[in-house]
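Hello,

Here is the structure I promised to pass on to you. Have a look at it first, and then read my notes below.

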Amino acid sequence: MERRFASHPNEVKQFDTGRLRQEFHVPVLFAADELKLVLTHEDRMIVGGAMPVKEPVVLATDLKELGVTYFLERRELGIINVGGKGTVVADGAEYELNAKECLYVGAGTKDVQFKSADSANPAKFYLNSAPAHKTYPTVKATLESSEFADLGDIKNSNERSIHRLIHANGIQSCQLVMGLTQLKPGNMWNTMPAHTHPRRMEAYFYFELPEDAVVVHLMGEPKETRHIIMRNEEAVISPSWSIHSGVGTSNYTFIWSMAGDNIRYDDMDPVSMKELQ
Ligand SMILES: O=C[C@H](O)[C@@H](O)CC(=O)C(=O)O
Ligand SMILES: [Zn+2]
């Protein structure tokens with residue numbers, strides 16, 4: 001597991017491209033039969049990926065990494081499959097996940113394993129985990145069963161559907177909030193006007209981007225913005241003081257996930273268009 005420290009906006013102002021990427025950009029989450037995890041000290045969120053091909057991938061940890069005997073001893077987990085059909089086995093119970101289906105796994109679950117239905121088209125489980133001190137039930141959600149909102153306008157190139165999966169009015173959790181936003185063809189902007197939420201951090205995972213396409217992801221304080229170039233199936237960490245918005249060279253889909261003080265989706269402080277610099 002890789003560890004990233006938290007950052008201060010006054011320090012981040014000085015970062016060049018390489019340093020920005022080193023601290024906030026999360027490349028390659030999917031490698032055959034491997035569990036890839038990045039723990040950021042921004043609200044201790046873990047961003048990760050599991051791609052079982054020849055054998056199941058086990059959600060393993062050790063005393064050095066998290067100081068506990070099993071991964072979900074004091075954590076909760078949100079999973080969205082972005083690959084072929086797969087199964088998550090949680091303490092023996094099997095949950096089949098097709099592409100874009102979500103599973104919340106509650107704290108106290110001792111054994112979590114990931115499997116693919118077809119090694120030629122493996123499942124890709126995108127993972128988010130936050131500290132948790134209460135057990136909520138393990139529940140599956142689909143885009144069809146979730147609360148969603150069609151937002152934006154083709155005139156602003158931001159027509160998109162926001163599906164809220166784990167949040168106050170959806171799957172219950174201690175602090176993890178998670179969902180998926182799909183841009184309609186011809187639309188490129190997400191989260192503009194931008195916002196911050198000092199009460200929680202956020203991670204974005206961009207996917208369904210064509211090979212040669214990029215998303216120019218915006219971060220930073222509203223008056224001190226920076227960009228990070230994102231490619232398909234890459235994640236980016238947004239500290240609580242930072243905006244998180246992006247514009248693609250084509251449309252795309254992304255998973256957003258947050259951890260912090262509350263699980264109300266609409267807890268955001270809007271940034272006015274005049275304020276951005
Ligand atoms: O705090 C919430 C998140 O930033 C996202 O839900 C925003 C988003 O999906 C969008 O505007 O497209
Ligand atoms: Zn946000």
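Two residues are in contact here if their C-beta atoms, placed from the backbone, lie within 7 Å. Please keep in mind that this is a predicted model.

With that cut-off, and not counting residues up to four places away in sequence, His197 touches Ser240, Asp267, Met268 and Asp269. His197 sits in the loop between β17 and β18 (200-207). It is buried, because 22 other C-beta atoms lie within 10 Å and 20 or more are enough for that label.

His195 belongs to strand β17 (residues 195-196). This residue is partly exposed, with 16 other C-beta atoms within 10 Å. Its contacts, again leaving aside neighbours within four places in sequence, are Ile243, Met268, Asp269, Pro270 and Val271.

Now to ligand 1. Around it are Arg160, Ile162, Gly179, Thr181, Asn190, Thr191, Glu202, His244, Trp256 and Met268. Strands β14 (160-166) and β15 (177-183) are the elements that give two or more residues to this shell. By type, the shell holds 3 nonpolar, 5 polar and 2 charged residues.

Best wishes

Note on methods
Residues are numbered from 1 along each chain as its sequence is written. Chains are lettered from A and ligands numbered from 1 in the order in which they are written. This is a predicted model: local features need pLDDT of at least 70, side-chain atom pairs count only at pLDDT 80 or more; totals for chains, interfaces and linings use all residues. Helices (H or I, at least four residues) and strands (E, at least two) are DSSP runs, numbered from the N terminus. A residue is buried if 20 or more other C-beta atoms lie within 10 Å of its own, exposed if 12 or fewer, and partly exposed in between; C-beta atoms are placed from the backbone. A residue is near a molecule or strand if its C-beta atom, placed from the backbone, lies within 6 Å of it. Ala, Val, Leu, Ile, Met, Phe, Trp, Tyr, Cys and Pro count as nonpolar, Asp, Glu, Lys and Arg as charged, and the others, Gly among them, as polar.
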